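Please read these points with the sequence and the model open side by side. They go through pairing, core and charged contacts in turn.

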Amino acid sequence: MAIAKAERLMNLALCLLGTRRPLSKRELRGSIEAYLEAGSDDSFNRMFERDKDDLRELGLIIETVENLDGETGYLARRDSNRLPPIQLDAEEAAALGLAAKVWQQARLAGAASGALQKLRAAGMPEAEDAYDTPHSALEPRIPVHEAAFEPLMLACRDRRPVVFEYRKANAARPETRHVEPWTLECWRGHWYLAGWDRERGAERVFRLSRITGKVRSRAGAFTAPVPDVSTVRETVESWAGETATRSALIRLRTDCGYPLRARALSVRELGDGWDELEIPYGHGLDAWLVEFGPDVVVLEPADLRADVVDRLRAVAKG
């Protein structure tokens, strides 16, 4: 559905940009296949008005002109819709070049590469890139292994509600969740979806690796307002355990758990291959500690220790 609408908008934009005179609704309907398939005049009119508004919202300047016969026509003059010359300095060019290389999955990699080529053709300066050297050991990328990423990315873009099966870390079976997706965020190598859980009537954050089965789209508009990007990012940060409200004491095997050591407030050698660490304790820390398996033992607080034990038991049960 989203792809069909995108093609229809593109065809309408090309028609309006490619004409030297205003085109009437009748002419546009006869030129665009999707409009020809409209069941009735009312259906076509509603579709055309929505598409016209969508193109204007995207920034296309569409003029409405009335001819001598009193018929209304539409066109988008190229001189009114031409972008100004692109002016980028070397640092901005380097940032765009690096951003284009970050994405690894095929769908985004092609779009990023094509956008970079167009910017260079428009005059973007070539920037020296340390990642291009043949002997470089560094490769910038954001890996995405979850099958749910692409459908959720499209649902966030198109503001479409979704349904999926979600298994919490301490749950034996997945639950069906009806969500209005806001955005995807990556924290500590894991992807999270932030959105509005319709059944719970509250904002929630879902880790993509715990989504099972297919993500299914649903028709209809969002029922809750979408917060701004910075607010959503803070929500994901909090749920992912980045916002600490207190500290925890753990035992960690020597030469293990370097991400934990990087965030430690203090480290004390215990001997016998173990160290004692004080680390920030926020929401989601129990799920993160479980990933280190037998290399971590929670000493305090008691509620964190109990949460980690419950998660480990759930994993052991399968």
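1. Strand E1 pairs with strand E3 (residues 72-75) in the antiparallel sense, over two bridges. Within this pairing, Ser-24 has Gly-73 of E3 as its bridge partner. Note that the model is a predicted one.

2. The pairing belongs to an open sheet of three strands in the order E1-E3-E2, with antiparallel pairing. Strand E1 (23-24) and strand E2 (63-66) are at the edges and have a single partner strand each, so one side of each is left without a neighbour in the sheet. As background, strands of a sheet pair through backbone hydrogen bonds, and the pairing is either parallel or antiparallel.

3. The largest nonpolar core consists of 18 residues, and among those with the most contacts inside it are Leu-12, Leu-28 and Phe-48. Two or more residues each come from helix H1 (2-17) and helix H4 (41-57). H1 gives the most, with five residues.

4. What does Leu-28 touch, leaving aside residues up to four places away in sequence? Its contacts are Leu-12, Cys-15, Leu-16, Leu-23, Tyr-35, Phe-48 and Tyr-74.

5. There are 21 salt bridges in the structure. One of them joins the side chains of Arg-26 and Glu-71, at 3.7 Å from N to O. Arg-26 lies in helix H2 (residues 25-31) and Glu-71 in the loop between E2 and E3, so this pair ties together parts that are 45 residues apart in sequence. Arg-26 is exposed, at 57% relative accessible area, while Glu-71 is partly exposed, at 32%.

6. A salt bridge also links the side chains of Glu-49 and Lys-52, at 3.0 Å from N to O. Both residues lie in helix H4, three residues apart, which is about one turn of the helix. Lys-52 has 6% and counts as buried, because the cut-off for buried is under 20%.

7. Asp-295 and Arg-253 form a salt bridge whose closest N and O atoms are 3.1 Å apart. Asp-295 is in the loop between helix H10 (285-290) and strand E12 (296-300), and Arg-253 is in strand E9 (residues 244-253), so the pair ties together parts that are 42 residues apart in sequence. Asp-295 is partly exposed at 23% relative accessible area, and Arg-253 is partly exposed at 33%.

Conventions. Residues numbered from 1 in each chain as written. Predicted model: local features only at pLDDT ≥ 70, side-chain atom pairs only at ≥ 80, totals over all residues. Heavy atoms only, no water. Core = buried A, V, L, I, M, F, W, Y, C linked by side-chain atoms within 4.5 Å. Buried < 20%, exposed > 50% of the residue type's maximum accessible area, 1.4 Å probe, protein only. Helix = DSSP H or I, 4+ residues; strand = E, 2+ residues; numbered from the N terminus. Contact = heavy atoms within 4.5 Å. Pairing = 2+ DSSP bridges. Salt bridge = Lys/Arg side-chain N within 4 Å of Asp/Glu carboxyl O.
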